[in-house]
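Keep the picture beside you as you read.

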Amino acid sequence: MSNKEFIGYAINIGKLSPCKKNKVGAVIVKNNEVIIKSYNASLHTNYAHDPETRYLTTFCAEKNAILEAKQNLEGASIYITLSPCMSCAAMILKSGISKVYYLNEYKDRRSIDFLRQSGIKVIKCEFPEYKNLKPNNLKQL
Ligand SMILES: [Zn+2]
C-alpha cells in the first residue's frame, strides 16, 4: 500500500470517532501492513463529562493506537490525520515508531520539532484529494 492509501485509511477510521468537534484517525503500519487502527475517544465514565477530568479521560487517536498495539513498534510508521500533541509525541518516541505521517497540523507545532530533533522522520501528507479535509469535517470525504 502507498502513503496515500495509508493516510486514506486513517481518514476513514477517524470518521468513526464519537467526538463531535474533532475526528482524528490513526493507523500504525509495520512491514507495509496496517497492524492497528484507532480514533480519538473518551473513556465511557462520568469523568468524561466533568470539565476538570474530561481531558484526562480522553485519548488521542495515536495514543489509543499505541496502547492497543501491545507490541514492539520499533521501526513502525504511524499515519495520523492530525499532527500529535506533545504528550502523544513523547509516547511515539518511547514506542519506537520511526516515522510519523500527518495530514493536518495541530495548533501546537512543538511536537513536530520535538520529534524531528529526536530523530523521528515527520512527513506532512499533501495529496490534492485530501487538501480540504479538516478535523471537524472528515466526514466530507
Ligand atoms: Zn495527543
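## Ala-26 and its neighbours

Leaving out residues up to four places away in sequence, Ala-26 touches Ala-10, Ser-38, Ala-61, Glu-62, Ala-65, Ile-78, Tyr-79 and Ile-80. Touching, or being in contact, is defined by C-beta atoms, placed from the backbone, that lie within 7 Å.

This is a predicted model, in which local features need pLDDT of at least 70 and side-chain atom pairs count only at pLDDT 80 or more, while totals for chains, interfaces and linings use all residues. Residues are numbered from 1 along each chain as its sequence is written.

A residue is buried if 20 or more other C-beta atoms lie within 10 Å of its own, exposed if 12 or fewer, and partly exposed in between, with C-beta atoms placed from the backbone.

## The whole chain

The protein chain has five helices and seven strands, and along the sequence they follow the pattern α-β-β-β-α-β-α-β-α-β-α-β. The radius of gyration is 14 Å, close to the 14 Å that the globule rule gives for 141 residues, so the chain is as compact as a globular protein of that length. That radius is taken over C-alpha atoms, and the globule rule is 2.2 Å times the number of residues to the power 0.38. Helices (H or I, at least four residues) and strands (E, at least two) are DSSP runs, numbered from the N terminus.

The C-alpha atoms fill a box of roughly 40 × 35 × 25 Å, taken along the principal axes. Of the 141 residues, 35% count as buried. Among contacts with a separation of 6 or more, 49% are between residues 24 or more positions apart.

## Helices side by side

Two packed helices are described by the angle between their axes and the distance between the axes. Helix 3 and helix 4 pack at an angle of about 30°, with their axes 9 Å apart. Helix 3 and helix 4 are therefore roughly parallel to each other; the cut-offs are under 35 degrees for roughly parallel, over 145 for roughly antiparallel, 65 to 115 for roughly perpendicular, and oblique for the rest. Axes are lines fitted to C-alpha atoms, for helices over the stretch in contact, and angles run from 0 to 180 degrees between N-to-C directions. Glu-62, Lys-63 and Ile-66 of helix 3 meet Cys-88, Met-91, Ile-92 and Ser-95 of helix 4.

Helix 4 and helix 5 pack at an angle of about 20°, again with axes 9 Å apart. On the helix 4 side, the contact is made by Met-86, Ala-89, Ile-92 and Leu-93; on the helix 5 side, by Arg-110, Ser-111, Phe-114 and Leu-115.

## Some loop residues

Is Ile-120 buried or partly exposed? With 17 C-beta neighbours inside 10 Å, Ile-120 counts as partly exposed. Ile-120 sits in the loop between helix 5 (110–117) and strand 7 (121–124). Not counting residues up to four places away in sequence, Ile-120 touches Ile-92, Leu-93, Ser-98, Lys-99, Val-100 and Leu-115.

Most residues other than glycine have a negative phi. Asn-32, although not a glycine, has a positive phi of about 60°. Asn-32 lies in the loop between strand 1 and strand 2 and is exposed, with 9 C-beta neighbours inside 10 Å. Lys-70 has a positive phi of about 45° although it is not a glycine. Lys-70 lies in the loop between helix 3 and strand 5, and Lys-70 is exposed, with 8 other C-beta atoms within 10 Å.

How values were computed:
Contact = placed C-beta atoms within 7 Å.
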